[in-house]
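Have the model open while you read.

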Amino acid sequence: RESVQNALIVDGVTKGLRESVKRLDKREALLCVLAESTDEKNIVKLVEALCREHGINLIKIDDAKKLGEWTGLCKIDKEGQARKVVRCSCAVIHCFGAESQALDIINDHFKHAVTADA
């Protein structure tokens, strides 16, 4: 979540399926975040296939509303709570912005995943 929000600050996040697929196909993506709770299962297959084909790291989360909140597709009320959250099936990070501990954790996770597969 922290990495997505850091990327939002530098306008490094593409939201929505259509724009995300364009970024994935052009190989401009550094990381893809996919919500598994999408109504259409072909969306999940398409994004997984593009990420696998182009060697782009993929993180799956359970809820599309959670991804919508992470990517800023909501209103924040006076108490700081997210209201009117819009669902987001897919988001692509093409610029992480500032280095952070969360980014280091993500990078370590994918390094260990690659060594385990080899």
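Which strands does helix H2 (residues 17-25) lie across? Helix H2 lies across S1, S2 and S6, and runs at about 40 degrees to S6.

## Ground rules

This is a predicted model, where local features need pLDDT of at least 70, side-chain atom pairs count only at pLDDT 80 or more, and totals for chains, interfaces and linings use all residues. Residues are numbered from 1 along each chain as its sequence is written, and side-chain values use heavy atoms, with hydrogens and water left out.

Helices (H or I, at least four residues) and strands (E, at least two) are DSSP runs, numbered from the N terminus. Angles run from 0 to 180 degrees between N-to-C directions, with axes fitted to C-alpha atoms, for helices over the stretch in contact.

## The sheet

Four strands make an open sheet with mixed pairing, in the order S1-S6-S2-S3. S1 and strand S3 (57-61) are at the edges with a single partner strand each, so one side of each has no neighbour in the sheet. Two strands pair if DSSP finds at least two bridges between them.

S6 pairs in the antiparallel sense with strand S1 (residues 13-15) over three bridges, and also with strand S2 (residues 31-35) over four. Ala91 is the bridge partner of Lys15, while Ile93 is that of Leu31. S2 and S3, on the other hand, pair in the parallel sense over five bridges.

## Inside S6

Cys90 and Val92 point one way from S6 (residues 90-93), Ala91 and Ile93 the other. All are buried, meaning under 20% relative accessible area with a 1.4 Å probe, protein chains only.

Technical notes
Buried means under 20% relative accessible area, exposed over 50%, partly exposed in between (1.4 Å probe, protein chains only). Contact means heavy atoms within 4.5 Å.
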